[in-house]
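Please keep the structure open while reading.

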Amino acid sequence: MPVLRTYRVFISHAWEYHDDYYRCESLLNDAPYFLWHNLSVPRHDPIKDANALARELHNQMRSAEVFLILAGMYVAHSDWIKYEVNFARRIGRPIIGVRPWASTMVPLAVQDGADEIVGWNGSSMVDAIRRRAL
């Protein structure tokens, strides 16, 4: 079997909706023949100071090859997620929006910022990461 590439992925998410983040992380971890390095800033390892968080986000996102944004409607009210989308655009990282399971609505910030929007399942996310990663 050939050596698998490891993809560097940043997952944008709202800490208040951490279940979605952990579910996404699980789907990627369980995907067959897919290796990835998680560059996100998860709830269980938070950074409290806004300036320190911005610096850490910049460092983490610069290392990422692709940016996933969990597109729950809470995104419309999250300044940090909007900040992350704008920064990803500024540094030229591809953005993949992940539509919540059984949802038809996607926040405008995701519609406008994403290069692609996929469904809430591991194979859709993995296929998009493989297509879009730098």
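A residue is buried under 20% relative accessible area, exposed over 50%, and partly exposed in between (1.4 Å probe, protein chains only). Arg132 has 32% relative accessibility, so Arg132 counts as partly exposed.

The model is predicted: local features need pLDDT of at least 70, side-chain atom pairs count only at pLDDT 80 or more, and totals for chains, interfaces and linings use all residues. Residues are numbered from 1 along each chain as its sequence is written, and side-chain values use heavy atoms, leaving out hydrogens and water.

**Fold**

The protein chain holds 5 helices and 5 strands. Helices (H or I, at least four residues) and strands (E, at least two) are DSSP runs, numbered from the N terminus. Along the sequence the pattern is β-α-β-α-β-α-β-α-β-α. Of the 134 residues, 46% are buried.

Strand β1 (residues 6-12) has 5 of its 7 residues buried. Strands pair if DSSP finds at least two bridges between them. β1 pairs in the parallel sense with β2 (residues 35-38) over 4 bridges. It also pairs in the parallel sense with β3 (residues 66-70) over 4 bridges. Arg8 stands opposite His37 in β2, and Val9 has Val66 in β3 as its bridge partner.

Helix α1 (residues 18-30) has 13 residues and reaches 18 Å from first to last C-alpha, close to the 18 Å expected at 1.5 Å a residue. That expected span is 1.5 Å times one less than the number of residues. Tyr21, Cys24, Glu25 and Leu28 are buried in α1. These four cover an arc of only 100° around the axis, which puts them on the same side of α1. The arc is taken over the directions from the helix axis to the C-beta atoms.

**Salt bridges**

The whole structure has 6 salt bridges. Each is a side-chain nitrogen of Lys or Arg within 4 Å of a carboxyl oxygen of Asp or Glu. Among them are these:

| Pair | Closest N and O atoms |
|---|---|
| Arg8 and Glu65 | 3.9 Å |
| Asp115 and Arg89 | 3.1 Å |
| Arg132 and Glu116 | 2.8 Å |

Arg132 lies in helix α5 (residues 122-132) and Glu116 in strand β5, so this pair ties together parts 16 residues apart in sequence. Glu116 is buried, at 14% relative accessible area.

Arg8 is partly exposed at 37% relative accessibility, whereas Glu65 is buried at 6%. Arg5, Arg8 and Glu65 are linked in a network of salt bridges.

Asp115 is partly exposed at 34% relative accessibility. Arg89 is partly exposed too, at 36%.
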